[in-house]
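Q: I would like to learn how to read the features of a structure one after another, with the general idea given before the case. Could we begin once the sequence and the coordinates are displayed?

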Amino acid sequence: MKKSELALVLAWVSSVDGRLVNEMTVEAWHELVGGYDGAAVAGAVREHYLEHARNIYPADVIERLGVDRNLGQLPNATDELLAEQKADWCADHGITVEEFDEHEDDHEWIRAVQRG
């Protein structure tokens with residue numbers, strides 16, 4: 001989860017419970033829940049406030065996500081596989097992953113790279 005995504009979630013939290021959210025708040029929360037999916041975190045926050053009148057804390061989010069704190073978040077094998085496949089494709093076509101990322105929505109560019 002990007003810090004900017006988490007900042008939006010915490011801004012929403014602030015509108016519900018009136019807490020002060022600043023850069024340090026975002027940093028602290030990101031350290032604790034930043035490894036989780038942004039939509040899942042936002043959903044956990046909404047569910048919490050539908051059921052409870054008290055403030056939410058990172059431990060509440062982790063509990064709602066059903067993650068064993070001793071295990072942490074398991075790596076996303078799909079993301080790892082896709083990253084490997086992208087790196088292989090880029091190497092096969094003589095471009096860097098950074099170049100691909102810059103042009104990933106430019107289908108004409110990708111077709112030109114494929115044609116060589």
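**Aromatic pairs, cores and overall form**

A: A search of the whole structure finds two aromatic pairs, where rings of Phe, Tyr and Trp (its six-membered ring) pair if their centres lie within 6.5 Å, and planes under 30 degrees apart count as stacked, over 60 as edge-to-face and the rest as tilted. One of them joins Trp12 and Tyr49 in an edge-to-face arrangement, 6.2 Å centre to centre and with 65 degrees between the planes. Because Trp12 lies in helix H1 (residues 3-17) and Tyr49 in helix H3 (residues 38-51), this pair ties together parts that are 37 residues apart in sequence; helices here are DSSP runs (H or I, at least four residues) and strands are runs of E (at least two), numbered from the N terminus. This is a predicted model, in which local features need pLDDT of at least 70 and side-chain atom pairs count only at pLDDT 80 or more, whereas totals for chains, interfaces and linings use all residues. Residues are numbered from 1 along each chain as its sequence is written, and side-chain values use heavy atoms, with hydrogens and water left out.

Q: Is Tyr49 buried or exposed?

A: Buried means under 20% relative accessible area, exposed over 50%, and partly exposed in between (1.4 Å probe, protein chains only). Tyr49 is buried at 14%, while Trp12 has 37% relative accessibility and counts as partly exposed.

Q: Which rings make the pair with planes at 65 degrees and centres 5.6 Å apart?

A: These are the rings of Trp89 and Phe100, and the pair is edge-to-face. Trp89 belongs to helix H5 (residues 77-92) and Phe100 to helix H6 (residues 97-103), so parts that are 11 residues apart in sequence are tied together. Trp89 is partly exposed, with a relative accessible area of 21%, and Phe100 is buried, with 15%.

Q: Which charged end sits over the ring of Tyr57?

A: A charge sits over a ring if NZ of Lys or CZ of Arg is within 6 Å of the ring centre and within 35 degrees of the ring normal. Here the charged end of Arg19 lies over the ring of Tyr57, at 5.7 Å from its centre.

Q: How many residues does the largest nonpolar core have?

A: In soluble globular proteins, nonpolar side chains tend to be buried together. A nonpolar core is a set of buried Ala, Val, Leu, Ile, Met, Phe, Trp, Tyr and Cys residues joined through side-chain atoms within 4.5 Å. The largest one has 17 residues, and those with the most contacts inside it are Trp29, Val33, Val45, Ile56 and Val61. H1, helix H2 (23-33), H3 and helix H4 (58-64) are the elements that give two or more residues to this core, and H3 gives the most, with five residues. A second, separate core of five residues includes Cys90, Ile95, Phe100 and Val113.

Q: Which residues is Val45 in contact with, leaving aside its neighbours within four places in sequence?

A: Contact means heavy atoms within 4.5 Å. With those neighbours left aside, Val45 is in contact with Val9, Trp12, Val13, Ile56 and Val61.

Q: What radius of gyration does the chain have?

A: The radius of gyration is taken over C-alpha atoms, and the globule rule is 2.2 Å times the number of residues to the power 0.38. A compact globule of 116 residues would come near 13 Å, but the chain has 19 Å. The C-alpha trace spans about 60 × 30 × 25 Å along its principal axes, and the chain has seven helices and zero strands.
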